[in-house]
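Here are some notes for a colleague who is opening this structure for the first time.

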Amino acid sequence: MGKVIVITSGKGGVGKTTASANIGAGLAREGKKVVLIDADIGLRNLDLVMGLENRIVFDLVDVVEKKCRSFRQALIKDKRFANLFLLPAAQSRDKNAVQPDQMKKLCDTLRDNFDFVIIDCPAGIELGFQNAIAGADEAIIVTNPEVSSVRDADRVIGLLEAEDKTNPRLLINRMRENLVKKKQMLGVDAVTEILGIDIIGIIPEDEKVLFSSNKGEPLVMDDSSRAGKAYRSVVRRLIDPNATIELQIEENGLWAKLKRIFAGGNGVFGFKAQ
Amino acid sequence: MSAREVISFKGTRHGILMSIVEDEPFGRVMEELSAKVEKDLPFFQGSSLSLDLGWREMTEQDLNELMTFLSEQKLKLMGIISSSLATRQIAEARGLKVIIGRLGLADHHGRTRTPTVTKLSEVAASEAAAPPSVRPVSVPVPAAQTTVQTVAASAPAEAPAPRTTASVAVAVPAPVVQAPVEETILIKKTIRSGQSIEHHGNLVIYGDVNPGAELKAGGDIIVIGTLRGIAQAGRKDNGDPASITATRFLPTQIRIKDKIEENFDRKITKQNMPVTATLSNGKIEYKIHF
Ligand SMILES: Nc1ncnc2c1ncn2[C@@H]1O[C@H](COP(=O)(O)OP(=O)(O)O)[C@@H](O)[C@H]1O
Ligand SMILES: [Mg+2]
């Protein structure tokens, strides 16, 4: 039986869609059977980031309204991985087009057919959030290391707790260690101290993210990208909770502190679960 | 109690990884550890150890005890993995390597506790505890106040005793106060941004109060955790003194009766020590519990 993981945040623009695409592609790369659901109805863009826009025929709303024969008909097969699928969002419909019980039912069906169901969810402040999280087993909260983003993430953790989803994990995105050093950006310590939830990963700021979104190719496949490597370590932790978090470290000192914190795999202090 | 593992071990490429559950008293952890090491000595002999401590907040004393034990057993402690900043800082100060986070080996509970609300003043409460995970938690005010119970709030040393009108001197070490106490509730939960807890009596929070969260109490407030949000005590205008105590005191704003404070002397907030704020002669005064 698969796992349904919802990816959400306090407000928009923090990197949920990017995270969904990269985590989905990363899991597929590890051989897992994965379906990505774009539940950010009306703000659909997971298909763009995946480079699958031109293949959309049916969407999430068609599936729950039974406008197509089965969910399979709406699934779009990824270009790169035969075991990766996208269930796109409806572009024009309102955010309440999918009700919580419909979402739950859909997730139950998909759970039986896939190893991972990854849901790109609206932000907590947006309409449709409650609907999108209804069927999820686990949640990943994306935050940027900024005071306002962390504050909003905290709010969403509260909203999730209210729905009995109690152990969300944190993905800190767009970390710039040079700014943390100059005290112009919150560090990992400051963020986790306030939120008090487990970290699933830290993604550095990386301009390749933008290029790859534009090209429609998740950069988790790009071995030279720091963000891509960081996403691969997130994927490893999703598959095996005992894997240490590893973060690609630049040797020029920018990432010196993170090296200390996340010294996985470089022989300083790290081990991998066997 | 269930027979869950307090400590679990795993062999890795880099030595033994030892995971310790977060919510067992440290004394119990040490007992368990010495029992395990004694039992499987050959397995441990001369090994390097790494510790996964989860969210456990270690004191310097805990760490000293642990390190002394390990070195007596000729075990080398390589470093720790911990989600708690306090624990990481203490370990770093001892020259240990640290990794933030935790692994999935031990039975961890995280800091996101399941919210519970307990009334301290009424054991035979007829009404059930406030509904779990509801925001904001508002507890109905009983019309007629039933009273008299012992309240032994696990507050830091010298925390204000629940206010009394007729205190009974009891010859026991702990400051046990028999008093006509108003409803006091204990909430075990992190209070997050946007959440508001309002209660007509005294409020004890066992958890953090995050920025953007708000506490409002008719009487006193005690936070066993970090107070970063807004706390408002003494809202009931009955002439009784009111106070706000937190084990880590970093509020955005506090109010006691009609006095508001938002600029805190760094001397108060910088200390990693419990602080009590009270109103005295129309001014908010602070006591740091060193
Ligand atoms: N690690 C990163 N480094 C640089 N840019 C990023 C990173 N993550 C996301 N972005 C950019 O931030 C913007 C918002 O990301 P997106 O995933 O669409 O957020 P959301 O889905 O939360 O609204 C996009 O332009 C994306 O390219
Ligand atoms: Mg998006």
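1. Start at the side chain of A:T18, where a polar atom lies 2.5 Å from an oxygen atom of ligand 1. Please keep in mind that this is a predicted model. The protein covers 81% of the 570 Å² of accessible area that ligand 1 has on its own.

2. A polar backbone atom of A:G13 is 2.8 Å from an oxygen atom of ligand 1. At A:P204, a polar backbone atom is 3.1 Å from a nitrogen atom of the ligand.

3. Which elements of chain A give two or more residues to the shell around ligand 1? They are α1, β7, β8 and α10. The one that gives the most is α1(A), with three residues.

4. The shell as a whole comes next. Ligand 1 is surrounded by 15 residues, and the closest are A:G13, A:K16, A:T17, A:T18 and A:N173. By class, the shell has six polar, five nonpolar and four charged residues.

5. Where does ligand 1 sit? The site is the second largest pocket, whose volume is about 550 Å³. This pocket is lined by 24 residues, and those closest to its centre are A:G13, A:V14, A:G15, A:T18 and A:R174.

6. The lining of the second largest pocket draws on several parts of chain A. At least two residues each come from α1 (16–29), α2 (46–49), β7 (169–175), β8 (198–204) and α10 (208–215). Sorted by class, the lining has nine nonpolar, eight polar and seven charged residues.

7. How many cavities of 30 Å³ or more does the structure hold? There are three, and the largest cavity has a volume of about 60 Å³.

8. The residues that line the largest cavity are A:A39, A:I41, A:L60, A:K95, A:V98, A:M103, A:P122, A:G128, A:N131 and A:A132. Seven residues of this lining are nonpolar, two are polar and one is charged. For the pocket that holds ligand 1, the corresponding division is nine nonpolar, eight polar and seven charged.

Notes
Residues are numbered from 1 along each chain as its sequence is written. Chains are lettered from A and ligands numbered from 1 in the order in which they are written. This is a predicted model: local features need pLDDT of at least 70, side-chain atom pairs count only at pLDDT 80 or more; totals for chains, interfaces and linings use all residues. Side-chain values use heavy atoms; hydrogens and water are left out. On a 1 Å grid over the protein atoms alone, a cavity is a set of points where a 1.4 Å probe fits but cannot get out, and a pocket is an open set with protein on both sides within 12 Å along at least five of seven lines; lining residues have an atom within 4 Å of a point. Grid points are joined across faces, edges and corners, and a volume is the space filled by probe spheres set on the points. Helices (H or I, at least four residues) and strands (E, at least two) are DSSP runs, numbered from the N terminus. Ala, Val, Leu, Ile, Met, Phe, Trp, Tyr, Cys and Pro count as nonpolar, Asp, Glu, Lys and Arg as charged, and the others, Gly among them, as polar. A residue is near a molecule or strand if one of its heavy atoms lies within 4 Å of it. A polar contact is a pair of N or O atoms within 3.5 Å; within protein, one must be able to donate a hydrogen and the other to accept it, and residues adjacent in sequence count only if both atoms are side-chain atoms. Accessible areas come from the Shrake-Rupley method with a 1.4 Å probe; for residues, only the protein chains shown count as cover. A molecule sits in a cavity or pocket if more than half of its atoms lie within 2 Å of its grid points.
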